[in-house]
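Welcome! Please take a moment to look at the sequence and the 3D picture below before reading on.

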Amino acid sequence: MRQTMDRLFLAHPRTVDETYGEHMRFALGFSMRLLGAGLAALVHAFIPCMFETTASRMIKGMHARITNRQGNEAQKPMAAAGERATA
């Protein structure tokens, strides 16, 4: 049971040198940014003069932030073809 709990909640945050809480905060913040970028892109789809570069600018910023994280997991190649990528 202890190994399962570790695998489910602690193993991944440890790879980026974060606690569970730190990782949750980062992931929730990231999800809010993604939601904002998605909403900007949705508005842009219907009204092209609005949010012309907002979504792409936000995504570039998120990419820079995630690739500069401690542990830099985003730069590591996936171990197996079936392995899931997570935020």
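The report below goes from the overall fold to the helices, and then to the loops.

## Before we start

This is a predicted model, in which local features need pLDDT of at least 70 and side-chain atom pairs count only at pLDDT 80 or more, while totals for chains, interfaces and linings use all residues. Residues are numbered from 1 along each chain as its sequence is written, and side-chain values use heavy atoms, with hydrogens and water left out.

## The overall picture

The protein has three helices and zero strands. Here helices (H or I, at least four residues) and strands (E, at least two) are DSSP runs, numbered from the N terminus.

How many of the residues count as buried? Of the 87 residues, 16% do. Buried means under 20% relative accessible area, exposed means over 50%, and partly exposed lies in between, using a 1.4 Å probe and protein chains only. Contacts, meaning heavy atoms within 4.5 Å, tell us about the fold too: among those between residues at least 6 apart in sequence, 46% join residues at least 24 apart.

## Helix α2

Helix α2 covers residues 20-46. Its 27 residues reach 39 Å from the first C-alpha to the last, close to the 39 Å expected at 1.5 Å a residue. The expected span is 1.5 Å times one less than the number of residues in the helix.

Which residues of α2 are buried? They are His23, Phe26, Phe30, Ala37 and Ala40, and they pack against α1 (2-15) and α3. As a general point, an α-helix has 3.6 residues a turn, so residues three or four places apart point the same way.

Histidine 44 is in α2 and is partly exposed, with a relative accessible area of 27%. Leaving aside its neighbours within four places in sequence, histidine 44 touches Met50, Phe51 and Glu52. Histidine 44 and threonine 54 are ten residues apart in sequence, and their C-alpha atoms are 9.1 Å apart in space. Leucine 34 also belongs to α2 and is partly exposed, at 45% relative accessible area.

## Helix α3

Helix α3 covers residues 54-67. At 1.5 Å a residue, its 14 residues should span 20 Å, and this agrees with the 20 Å between its end C-alpha atoms. Its buried residues are Thr54, Ala55, Met62, Ile66 and Thr67, and what covers them includes α2.

## How α2 and α3 meet

Helices α2 and α3 pack at an angle of about 160°, with their axes 8 Å apart. Axes are lines fitted to C-alpha atoms, for helices over the stretch in contact, and angles run from 0 to 180 degrees between N-to-C directions. The angle makes α2 roughly antiparallel to α3; that label is for angles over 145 degrees, with under 35 counted as roughly parallel, 65 to 115 as roughly perpendicular and the rest as oblique. The crossing of α2 past α3 is left-handed, which means that the near helix is turned anticlockwise from the far one by less than a right angle (clockwise would be right-handed).

On the α2 side, the contact is formed by Phe26, Phe30, Arg33, Leu34, Gly36, Ala37, Ala40 and Ala41, which meet Thr54, Ala55, Met58, Ile59, Met62, Arg65 and Ile66 in α3. These residues divide into eleven nonpolar, two polar and two charged. Ala, Val, Leu, Ile, Met, Phe, Trp, Tyr, Cys and Pro count as nonpolar, Asp, Glu, Lys and Arg as charged, and the others, Gly among them, as polar. Leucine 34 and methionine 62 are 28 residues apart in sequence, with their C-alpha atoms 8.5 Å apart in space.

## The loops

In the loop between α1 and α2 you will find aspartate 17, whose phi is near 55°, a positive value in a residue other than glycine. Glutamate 18 lies in the loop between α1 and α2 as well. Is glutamate 18 buried or exposed? At 18% relative accessibility, glutamate 18 counts as buried. Apart from neighbours within four places in sequence, glutamate 18 is in contact with Pro13, His23, Phe26 and Arg69.

The loop between α2 and α3 holds phenylalanine 51. Phi of phenylalanine 51 is near 50°, a positive value in a residue other than glycine, and at 38% relative accessibility phenylalanine 51 counts as partly exposed.
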